[in-house]
Amino acid sequence: MTSWLYQEKELVTVDDFPQGTVAFIYKITRIQDGKFYIGKKSLYSTRTKALTKKELSEQTDKRKSKKKKVTFESDWQTYYGSDIVLKEDVKTLGKEAFKREILFFCTNKKQATYQEVRFQILNNCLESDNCYNGQVLGKFWRKDV
């Protein structure tokens, strides 16, 4: 299984998400034993790029910025989490050894951060040896719990 699933329905393109979704909370599960990882992923990335010579020449106000913000679709379709051990397992066992589920759709980045922490705590990520997550928010670590 390599696609993202939401309530057993595959999500293949951004158009498959509810309108207004900017990020999602996900769970990646190793099928053989149920070891899991919970995280968040943005659907879009924003970068600052320098304006081209043509764009600069077309500006009417010369005091304007020489840069612009560009938004594009993230790598959400091929994403398998940020945990190093999880990524190594995906490389070793293959993508088909994992199930990728979407747990929650988020309409802004703050909501995504909150829901990620909420789902990690509700699923006892720091107390479970069957979870890849070793920390929550970069503030709470498994060794400290």
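Analyst: The protein has three helices and nine strands, where helices (H or I, at least four residues) and strands (E, at least two) are DSSP runs numbered from the N terminus. This is a predicted model, in which local features need pLDDT of at least 70, side-chain atom pairs count only at pLDDT 80 or more, and totals for chains, interfaces and linings use all residues. Residues are numbered from 1 along each chain as its sequence is written, and side-chain values use heavy atoms, with hydrogens and water left out.

User: What makes cysteine 106 count as buried?

Analyst: Buried means under 20% relative accessible area, exposed over 50% and partly exposed in between, with a 1.4 Å probe and protein chains only. Cysteine 106 has 0% relative accessibility, and therefore counts as buried. Cysteine 125 is also buried, because its relative accessible area is 0%.

User: How do you know how many disulfides there are?

Analyst: A disulfide is a pair of cysteine sulfur atoms within 2.5 Å, and by this rule the count is zero. Cysteine 106 is in no disulfide, as the nearest cysteine sulfur, that of cysteine 125, is 15 Å away.
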